[in-house]
Amino acid sequence: AVEVIYARVGDNVELNLPQLPQSFYVRWFLDKDNGHELASINYVGGNSIDSGDIWSGRLSLSSIKLTIKNIQDENFRTFVCRMSDNSNTYNLKAFILIKVNVSMNEAQPLVPGDDLTLNCDLKTQRKPMIYWENPTGRTVSISSLVKKKAETQDNGEWTCVVKDNGKQNMFRFSVSVVDFSSTSKSLYTSTNLPLTVPFVISPNNFVKQILSKIKRVEKLSREEDRGTYSCSITFKNGFILSRTVQVEVLQIIPSPGTELISGHHLNLSCSTGGPLDTNVKVKWFPPKTSSLANTELTSGHLIIQKVSMEDSGRWRCELGLEPGLGQNRSTLTSAVITLKIEPILTVWMLVTICGAAVILILLLILAFILFRRRQRKMRQLRHRLCQCKNPKPKGFYKA
């Protein structure tokens, strides 16, 4: 019996035996029966392994297989196993090791648009079936050669499949193609958080070459930062990679404001300025002292008819992605405002009212004093006028 085994340099190869008799004697030879003996084992526990420099530490033996570790170029030969029992009958099984060399002509990483050439070369006269599968598992070539223009979806593990006598051998080869992508289609931030629009460039060794040319600017997000952001990379071969991301800025708008008097009406709006996705929900987290602290608040528009001093403090609005089955809710972003609720009559208000009352009283007193003085002057004037006598006219005599 002959078994063909395909392997690459550096692989570990197992030469498996069929079922052995109870009283077995197994001997392994190189190239032919009764050639150079590599190893032997028997049912009574005896065993030996070639300890020469070539095989030292690379052969392991059991009753059912011989394992060759880290196979080298010179090891692609024929291994013959002689199996016998106590009688003089024996069986032979040969293992033919064939070298497979999987390679790529171009240096990695590749830029989209560059040539991509993969070769699956076999050192044999046999004619096995060979084909290639791309990283998605789709067959792209029914020969030992792949030749195409590189695309971002070519990044990943390619597989050379070798079929011989119904046995399938798979040899994987990693291809690195520069990819440029946003972390997600939508990015959520808030007016309390920095605006950072992340785009991912892979592989890492390619990133290191261009990191010095990237300037990172962080600032607090603003309402006007909402919108679509685009980023593109133009490669030397003229190929352009572009990616976009939609930025949503969460904002809390209090009406009439953040400083109120106890008993006033308050509207709180938590919004990104547009409709949310169906699986994105709002959740409010009032201060622990608020009467609403233990209430499930899931509306983007919150109405408080009469605020109280207990409502003072930090109000947080959170956008979360509704979980699927067996998953936890994930937070997308959150915004925070601080409310300051004053009592109806504060110390300053009392001081102001008292001050105004004192001023009013003083004004009344002043007005009364002025009025009294005016009355006194008027009386004095009338008294003087009454004391004056008119003289009799000249030439007038009583008859």
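Analyst: Start with a term: two strands pair if DSSP finds at least two bridges between them. Keep in mind that this is a predicted model.

User: Which residue in the turn between strand 14 and strand 15 has a positive phi?

Analyst: Strand 14 and strand 15 (residues 167-175) are antiparallel partners, joined over nine bridges. Together they make a hairpin, with two residues between them. The turn residue with a positive phi, about 55 degrees, is N165.

User: How many bridges link strand 11 to strand 14?

Analyst: Strand 11 covers residues 129-133. M129 stands opposite K163 in strand 14. The pairing is antiparallel, and the number of bridges is five.

User: How many of the nine residues of strand 14 are buried?

Analyst: Buried means under 20% relative accessible area. Strand 14 is largely enclosed by the rest of the structure, because the buried residues among its nine number seven.

User: What is the bridge partner of L61 in strand 7?

Analyst: Strand 6 pairs with strand 7 (residues 65-68) over three bridges, in the antiparallel sense. In strand 7, the partner of L61 is L66.

User: How many residues does the largest nonpolar core have?

Analyst: Nonpolar side chains tend to be buried together in soluble globular proteins. In this model, L15, V26, W28, F79, F95 and L97 have the most contacts inside the largest nonpolar core. Strands that each supply at least two residues of this core include strand 3 (25-30) and strand 8 (78-84). The size of the core is 24 residues.

User: How many residues are in the other core, the one with W158?

Analyst: This core lies apart from the largest one. V4, A150 and V162 are also among its members. Its size is 22 residues.

User: Is T189 buried or exposed?

Analyst: T189 sits in strand 17 (residues 186-190). Its side chain makes a polar contact with the side chain of S221, at 3.3 Å. The cut-off for buried is under 20%. T189 has 5% relative accessibility, so it counts as buried.

Key. Residues are numbered from 1 along each chain as its sequence is written. This is a predicted model: local features need pLDDT of at least 70, side-chain atom pairs count only at pLDDT 80 or more; totals for chains, interfaces and linings use all residues. Side-chain values use heavy atoms; hydrogens and water are left out. Helices (H or I, at least four residues) and strands (E, at least two) are DSSP runs, numbered from the N terminus. Buried means under 20% relative accessible area, exposed over 50%, partly exposed in between (1.4 Å probe, protein chains only). A polar contact is a pair of N or O atoms within 3.5 Å; within protein, one must be able to donate a hydrogen and the other to accept it, and residues adjacent in sequence count only if both atoms are side-chain atoms. A nonpolar core is a set of buried Ala, Val, Leu, Ile, Met, Phe, Trp, Tyr and Cys residues joined through side-chain atoms within 4.5 Å.
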